[in-house]
Amino acid sequence: MSDPCFITEANAQAESLITLFPISRIEALTIVIIKSLCEHNSIITKKKVRDIITKYLNTNTNQSEADLESVSRMYDTLAEGKSRPDKFSISWIDYLWKRTALSNALLEETELEEGYKDAAEFYEIDSRIVNLIRHAIAAKSPIYLRIKEFFQDMSLEIVKHLLEKEGIYCLIGSEVDGEESLVYAMQALQAIHLEGIVLFQESNPLKIKAFTAIAQVFGFRFGILDKASNDIIEADEESSDDSVAHIEYIPAVNVTPQHISGEKLRKRASEYFSDDPEFIRLLIGSKANAAALCYSKALIKEIISKKDWSSLSKLFGDAQKADISEDPKKRQQVNSTHYDIRAVNPDIPIDILDRMAEKAFGQHSPWKLMLYGGSGTGKSAYAYHLAEKLGIEVIVKRPQDLIHRYFGESETAIATAFREAEAKNALLLFDEADSYLSRKTEVYSGSDKAHNDITTSFMVNLEEYNGFVIATTNHVELIEPALIRRFHKIAEFRYPTRDGMKHLFRRYFPDVIFDRGNIEKVCSLGTIGAGDFAVVKELAEYMEPEDVTGDFIIDSLISNSEARKKSSCW
């Protein structure tokens, strides 16, 4: 460490850090020395680091107490609260020197579904907030963004879309377990490399004191859903060392997009839905959430073409009160004039299933139902039908909502889903359950253990849950048997009978003339359900009316059936 070459190199590396982050020269030199000691497997102590800076960098003559305090503060930040200072984890420190070679391997980019992209166009962020974020990025200053959940489970994704339209690059961060400060720091470094911010979804990096210290020193900019951080915002100043860290030294900004209104709404609605004056008048007068209507574009256009303004008003009313956790497309499908419960074909009559649920609901008892069967047989749609009948909301969870990369995240997501549904007295729908609740396996690897832990966590939460829950799967044979026993009823949803198919033809295509033989051909396939009719109907909305012939509809339905056979999903 006394080698002049080391001093020269240390100064050069420190200078590099100073240009990248809002830190002092002494703080930068502290990082360089700790990194060097780690690379040489040296025992590291605070005194040792301070002595090296004092002795070998010739700062002893005018070394101030403030400088030595800076060394101590940086040392404590990098130690990440470890009880043994010789056991530094320098992975993220080393990352500082690799930041120019960062790739997107660390954070997978979130590609917004078209419906959410369209929904985002009906929101806007206050320009003053955007300018404040830009200023923080330019000044390399830390900034804490409080983002309230405002649209289904995609609030951060929509904020990302809106900010990136303003030229502010955003990365969606990951929930983690274990060395949280390491992962959060690496994610924040990647955002800094791209001159942007990192957004954490349903996570709480501020529970780790080390991360707040790192954020303060290095100017990390990040956002978080407000529902996950209320305890931090209200943290008491007398909190103990083991409690949530304070963030009063990091500027906090509320970022809650607002619905566009007035002329902006009129213009966007005209472009996206229709410029029919009566439609625009009803939409603006209803104060409905226009973003929630994006999944009903085809249905809205059909209603407008028929001048069915009463149905449109009802649709707007549903959109106004729609729960943010629902799938509006599925809800609107059930509420549409096309949906016919008579086409559903479970192995137990629908009216019996409904009565059992209504009795459980009336007695404030739990009701746990597993539905299995081919794709498109109406399993998840039945959940929305039942919720509509009982007058309750739906919270839907899919594999991407529950399966996460880091250890422990998935169990937390599952527990949170049950707690949220119980608090809202909502029907909790787990879609595609076989993706994350398949049979337990022998443990040969970490991934095997993680899979088993997810299934166990689900079983424990399901057992304790006192509300309504429905799980759907295409492959019940893959589900863990011990889990199946915890449901009150297991029902198979089969493809519609001939009568059910005829109901679907009448509901979805009442004005189309079909060859009787072709209808019989479709009925005999036994692999076509209401979901297939909904898809073809939506496709037809984007075609010229004269092209939507009986042959086109029949061919499209058969094509769906053949595709399902090839993919072995039925």
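**A guided tour**

Start by selecting R486, which is partly exposed, with a relative accessible area of 31%. Everything on this tour is seen in a predicted model. E463 is exposed, at a relative accessible area of 51%.

**Along helix α21**

Stay on α21 and select T455, which lies in this helix. Is T455 buried or exposed? Its relative accessibility is 0%, so T455 counts as buried, the limit being under 20%. To see what surrounds T455, show Y436, L437, S438, K440 and E480; these are its contacts once neighbours within four places in sequence are left aside.

**The whole chain**

Now zoom out and colour by secondary structure. The chain has 26 helices and 13 strands. It is 570 residues long, and 53% of them count as buried. Take the contacts between residues at least 6 apart in sequence: 77% of these join residues at least 24 apart.

Next, colour by pLDDT. The average over the chain is 76, and 74% of the residues score at least 70. Select residues 100–106, where pLDDT stays under 50. The model has 15 contacts beyond four places in sequence for this stretch. Then select residues 321–326, another stretch where pLDDT stays under 50; here the model has 22 such contacts. Where pLDDT is low, the predicted coordinates should not be read in detail.

**The nonpolar cores**

Which residues have the most contacts inside the largest nonpolar core? Select F122, I133, L145, F151, L163, L199 and F279; the core they belong to has 51 residues. Centre the view on L163. Not counting residues up to four places away in sequence, L163 touches I125, V130, I133, I168, C170 and I197. Apart from this core lies another, of 39 residues; select A14, I44, L189 and V217, which are among them. In soluble globular proteins, nonpolar side chains tend to be buried together.

**Helix α17**

Select residues 350–362, which make up helix α17. At 1.5 Å a residue, these 13 residues should span 18 Å, and the C-alpha atoms at the ends of α17 are 18 Å apart, which agrees. Colour the buried residues of α17: I350, L353, D354, A357 and A360. Turn the view to look down the axis of α17; the buried residues fall within an arc of 130°, so they line one face of the helix. An α-helix has 3.6 residues a turn, so residues three or four places apart point the same way.

On the face of α17 turned away from the buried side, select the exposed residues K359 and G362. What covers the buried residues of α17? The cover includes β8 (345–346), β9 (367–373), α18 (379–390), β12 (468–473) and β13.

- Select E520 and R498. Their side chains meet in a salt bridge, at 3.0 Å from N to O. This pair also links distant parts of the chain, 22 residues apart: E520 lies in helix α24 (residues 516–525) and R498 in helix α23 (residues 498–508). E520 is partly exposed, with a relative accessible area of 28%. R498 counts as partly exposed too, at 42% relative accessibility.
- Select D51 and K47. They form a salt bridge in which the closest N and O atoms are 2.9 Å apart. Both residues lie in helix α3 (residues 46–56), four residues apart, which is about one turn of the helix. D51 counts as partly exposed, at 39% relative accessibility, whereas K47 is exposed, with a relative accessible area of 60%.
- Finish by selecting K267, R268 and E271, which are linked in a network of salt bridges.

Note on methods:
Residues are numbered from 1 along each chain as its sequence is written. This is a predicted model: local features need pLDDT of at least 70, side-chain atom pairs count only at pLDDT 80 or more; totals for chains, interfaces and linings use all residues. Side-chain values use heavy atoms; hydrogens and water are left out. A nonpolar core is a set of buried Ala, Val, Leu, Ile, Met, Phe, Trp, Tyr and Cys residues joined through side-chain atoms within 4.5 Å. Buried means under 20% relative accessible area, exposed over 50%, partly exposed in between (1.4 Å probe, protein chains only). Contact means heavy atoms within 4.5 Å. pLDDT is the predictor's confidence in each residue, from 0 to 100. A salt bridge is a side-chain nitrogen of Lys or Arg within 4 Å of a carboxyl oxygen of Asp or Glu. Helices (H or I, at least four residues) and strands (E, at least two) are DSSP runs, numbered from the N terminus. The expected span of a helix is 1.5 Å times one less than its number of residues. The arc is that of the directions from the helix axis to the C-beta atoms.
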